[in-house]
Amino acid sequence: MMSRFRHLISIEELSKGDVEYILSKADEFEDIAKKSFSDILKGKLLGNLFFEPSTRTRMSFETAMKRLGGEVINLNTAEISSIAKGETLADTIRVVSGYVDTIVIRHPKEGSAKLAAEFSEVPVINGGDGAGQHPTQTLLDLYTIWKEGDINDIRIALVGDLKYSRTVHSLIKALSLFNAEIYLVSPEALRLPIQFREELGNNVVEVDSLEDIIGEINVIYVTRIQKERFPDLDEYHRVAGSYRITRKMLENGEENLIVMHPLPRVDEISPEVDATAHAMYFKQAFYGVPVRMAILSEVMGYG
Amino acid sequence: MDKGLLIQKIKDGTVIDHIPPGKALFVLKILGIDENTREIVSFAMNVPSSKIGIKDIVKVENRVIGEEELNKIALIGRDVTINIVQNYDVVKKFKVKLPSEVIGVVKCPNPSCISNTSEPVSYRFVVVDGRLKCHYCGKIISKDVEKWIVKEDVKREKIK
């Protein structure tokens, strides 16, 4: 069967139809993702090339591949630094694409996945390229909203570091396909860059405090505010504290309000939220498996 | 002032006219004109122009520069006109047009972009709404494009 796309490099390359197709495909795979197995990718080999560590993304791809009956080889950071001294990414990709059926690449340089796709004999999936793209994260975020919320009525607050968060930037591009209403809640220094504001047009409102709009929204997407972004530690603690999601805050929200986070979290969400029905972040992490199953089967032509 | 006093008419070659004032040096850089160039090249800066007020002008003798190469000059000015001269006559005249892709001329301003490493690829931009967007990292150059024009030796090293 023909694949809808050969590589998955950026969320922008997907049409709304492609996204919806992946989401419904992931839904079909969910039962297998829950501790079962299939053999649709039996005899296929996935190469995980992680030039920087990302345990969650790597394990999630590995789980997805194995639950579909495929095998995985990993090239980890330590191996890369010892065997590939001075070798270009282009050469590494040319070699590895001779071994495997699909490559997942995680690399610190922006545009690295795009370059890899140009030199690869086999499909390349971007598992995160520096501050650039992380399309499988975006698809699993959308899947979470699709499953647990209402994709046709997204009223979402993006909270925290909106300036540097790659996850937020990719999600914004995807949300623009779904006519979402977006509220931006961030400290002054971590506001959304103007180029993303432009893309959103009129469907976006910047607000000072989450409490002001908590009754208007049905999704809260929280990102980590990193210490390194602040000149001093006191300022960091003051700012981070004021963007923390608490159980009390959620009492004023809609009953079906969901709280998402790409994880790992530090202090952004109080642990007391975990036990509420609003907490969706662990389920969101699990959804990475069926979504990546859908993507792997698609690029290998078993969609 | 008669601009003929500044630069003589050429017999054969390429005249690049209506360059925005002060940008002639960037035109030379785009065309790869440097100390290795053997043709006669003359240029004038801040010349009065009836069309755009003040302009720069570049004349390259005995060389007909290809249209594709000349179109790269549109990066620094959309009003630049080209005159191809043969035996003192203008045999072809056209306005430069920004190509849909710009390869190897401009460096990506994003220091974290994969194209700024030793990978065997050229700098590559697609033109979107008149602005350059890096093919690799997606970085958009919205102003001061000339700041990112690469030196000829860098260009040669990158394009393999």
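Visitor: In which sense do strand S1 of chain A and S2(A) pair, and over how many bridges?

Guide: Strand S1, residues 45-50 of chain A, pairs with S2(A) in the parallel sense over five bridges. Two strands count as paired if DSSP finds at least two bridges between them, and the elements are DSSP runs numbered from the N terminus: helices (H or I) of at least four residues and strands (E) of at least two. This is a predicted model, in which local features need pLDDT of at least 70, side-chain atom pairs count only at pLDDT 80 or more, and totals for chains, interfaces and linings use all residues. Residues are numbered from 1 along each chain as its sequence is written, chains are lettered from A and ligands numbered from 1 in the order written, and side-chain values use heavy atoms, with hydrogens and water left out.

Visitor: Which residue is the bridge partner of Leu45(A) in S2(A)?

Guide: The partner of Leu45(A) is Glu71(A).

Visitor: In what order do the four strands of that open sheet stand?

Guide: The order in chain A is S2-S1-S3-S4, with parallel pairing. Strand S2 (71-75) and strand S4 (124-129) of chain A are the edge strands, and each pairs on one side only. From one strand to the next, the twist averages 15 degrees; angles run from 0 to 180 degrees between N-to-C directions, and axes are lines fitted to C-alpha atoms, for helices over the stretch in contact.

Visitor: Which strands does helix H2 of chain A lie across?

Guide: Helix H2 (residues 55-67) lies across S1, S2, strand S3 (102-107) and S4 of chain A. The direction of H2(A) is at about 180 degrees to S1(A).

Visitor: At what angle does H2(A) pack with helix H12 of chain A?

Guide: H2(A) and helix H12 (residues 281-299) of chain A pack at about 60 degrees, with their axes 8 Å apart. The two helices are therefore oblique to each other: angles under 35 degrees count as roughly parallel, over 145 as roughly antiparallel, 65 to 115 as roughly perpendicular and the rest as oblique.

Visitor: Which residues of H2(A) and H12(A) make the contact?

Guide: Contact means heavy atoms within 4.5 Å. Among the residues involved are Phe61(A) and Met65(A) of H2(A), together with Val289(A) and Leu296(A) of H12(A). The contact divides into six nonpolar, four polar and two charged residues. Here Ala, Val, Leu, Ile, Met, Phe, Trp, Tyr, Cys and Pro count as nonpolar, Asp, Glu, Lys and Arg as charged, and the others, Gly among them, as polar.

Visitor: What about H4(A) and H5(A): how far apart are their axes?

Guide: Helix H4 (residues 89-96) and helix H5 (residues 112-119) of chain A have axes 9 Å apart and pack at an angle of about 50 degrees. H4(A) and H5(A) are therefore also oblique to each other. Leu89(A), Ala90(A), Ile93(A) and Arg94(A) of H4(A) meet Ser112(A), Leu115(A), Ala116(A) and Phe119(A) of H5(A). That contact has six nonpolar residues, one polar and one charged.

Visitor: Now the five-stranded open sheet: what is its strand order?

Guide: The order is S7-S6-S5-S8-S9 in chain A, and the pairing is parallel. Strand S7 (204-207) and S9 of chain A each have a single partner strand, so one side of each is left without a neighbour in the sheet. Four bridges join strand S5 (residues 155-159) to strand S8 (residues 219-222) of chain A, and Val159(A) stands opposite Val222(A) in S8(A). Helix H6 (residues 135-148) of chain A packs on this sheet and touches S5, S8 and S9 of chain A.

Visitor: Where is Pro264(A)?

Guide: Pro264(A) lies in the loop between strand S9 (258-260) and H12 of chain A. A cis peptide bond joins Leu263(A) to Pro264(A), with omega at about 0 degrees.

Visitor: How many residues of chain B are in contact with chain A?

Guide: 16 residues of chain B contact 15 residues of chain A. The area buried between the chains is about 1,200 Å², of which carbon and sulfur atoms give 54%; buried area is the accessible area (1.4 Å probe) that two parts lose on being put together, summed over both. In chain B, Ile114(B), Glu119(B) and Tyr136(B) lose the most area to chain A, together 39% of what that side buries.

Visitor: What value is phi of His18(B) near?

Guide: Phi of His18(B) is near 60 degrees, a positive value in a residue other than glycine. His18(B) belongs to strand S1 (residues 13-19) of chain B.
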